[in-house]
Amino acid sequence: MSYNVLITGGSGYLGGTLLNRLQSAGLPALKLYALQYGAEPLTFDAYEESAVREAVLKHEINVVFSLHDAFKADSAVAFIKALAELENNTGRNIHFLHTTGAKAFSSHMGAPIDKPFADNDNLHGIHKAQHPPIPCLQPLLDTNITVTELSESLGVQGYVFAPCIVYGKGEGFGNKISIQTVAVVDAAKAAKKVYRVDQGRPTWPVCHILDNTALYIQLLRNIVSGRQQGYGKNGYYLASPGSVAWEDIYSGIARAMYKQRAIHDDTVHQADGAALEEMAQGLGCDKAMVAFQLGGACLLTAKHGVEIGWKPEYGPEHILSSLDEEVDLIFQHKSDWAFACTMTGVFDPRPICFQYLCS
Ligand SMILES: NC(=O)c1ccc[n+]([C@@H]2O[C@H](COP(=O)([O-])OP(=O)(O)OC[C@H]3O[C@@H](n4cnc5c(N)ncnc54)[C@H](OP(=O)(O)O)[C@@H]3O)[C@@H](O)[C@H]2O)c1
């Protein structure tokens, strides 16, 4: 069986690093396509059903790893339908991987926070019982449910991949920084202090970018070598070696930012209404969405990846010893980007658009 693989989001932080690492992953011969560079480039509208259908059928793309939209289902639905048609026409094995975020399994989304649960538990059933306290977040949940149910009903092997707080330098040609650490830095820069948004010490899973990438590659390796792995209702995968408390991330970022004199002191303060207002400005979002971007509890743990051969290299505490480097990387990237925008006269909408998405 030959494999034609499409990776979307190749200019992004996760997708760019995946494309880069695939070059040396030692996978059996496969033809690699991407909407951006780094593989054979394809140009089509990933939200236009007829364009997706044409691209999948013309190039006989039988594996799609989607890394460009956690929230909306339209693009995923178009790919799943096109893959099912390809299977009907050619009998090829077909696979669709959707990238969501650990937020889908968090307090923000009405997921259980009384005890830990694992990615090889019945996450589909858990999703069906969730009611997000902020109703506009519902599509994040619905998209995962749609991917799972539609792919099962059409005979596509579907996977839902959940990155968490991913950190470390991206290796792609485009965006090199993550979402979550950037949100903490942007909010602190605007408020001139680092603020916690929750009570207590809620925790969240973390993962180094190379370990996150390694799980994508392990899933693809198993697909192309025909090894069995869970899909459909058993196809949820969290990339994470474990969790840390937000409070410890805030503390490390406060120390790193204060060293650079970007904030007024190196301690973590409790956010009040006025601080939330300033943080919201730094994040380019509504005050009610600040906690969604940089706080909350997520008790999801990662067992499924290990079962299919994934071994993370970095422990969860590694992020805490990397925060000086992470803050440097964010400042460096943002000043490069601002310089590029000044030179080209382009306003960069990326932080506002993508920080609404999930981790
Ligand atoms: N980074 C994290 O820590 C994290 C954690 C959890 C979940 N996630 C989710 O994982 C996904 C990728 O995250 P990321 O950090 O790699 O984001 P990113 O660096 O902002 O990259 C986003 C990618 O999506 C592409 N894209 C945007 N709109 C598109 C469209 N209409 N059609 C086709 N491609 C489009 C972008 O292409 P252009 O460059 O051409 O705009 C870019 O390649 C997102 O859905 C995000 O919510 C990320």
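The model is predicted: local features need pLDDT of at least 70, side-chain atom pairs count only at pLDDT 80 or more, and totals for chains, interfaces and linings use all residues. Residues are numbered from 1 along each chain as its sequence is written, and side-chain values use heavy atoms, leaving out hydrogens and water.

Begin by colouring the chain by pLDDT, the predictor's confidence in each residue, from 0 to 100. The protein chain averages 92, and 92% of the residues score at least 70. Next select residues 343-359, where the pLDDT is below 50; beyond near neighbours in sequence, this stretch has 38 contacts in the model (contact: heavy atoms within 4.5 Å).

Select Phe 65 and Leu 294 next. These residues have the most contacts inside the largest nonpolar core, which has 124 residues. Such a core is a set of buried Ala, Val, Leu, Ile, Met, Phe, Trp, Tyr and Cys residues joined through side-chain atoms within 4.5 Å, where buried means under 20% relative accessible area with a 1.4 Å probe, protein chains only. Helix H3 (residues 74-90) gives the most to this core, with nine residues; helices are DSSP runs of H or I, at least four residues, numbered from the N terminus.

Stay on Leu 294 and display its surroundings. Leaving aside neighbours within four places in sequence, its contacts include Gln 180, Val 197, Trp 246, Tyr 250 and Met 279.

Finally, select the cysteines. The structure holds zero disulfides (pairs of cysteine sulfur atoms within 2.5 Å). The sulfur of Cys 164 lies 5.2 Å from its closest cysteine sulfur, in Cys 207, too far for a bond. Cys 285 is also in no disulfide, the nearest cysteine sulfur, that of Cys 136, being 11 Å away. Cys 164 is buried at 2% relative accessibility, and Cys 285 is buried at 12%.

How values were computed: Buried means under 20% relative accessible area, exposed over 50%, partly exposed in between (1.4 Å probe, protein chains only). Helices (H or I, at least four residues) and strands (E, at least two) are DSSP runs, numbered from the N terminus.
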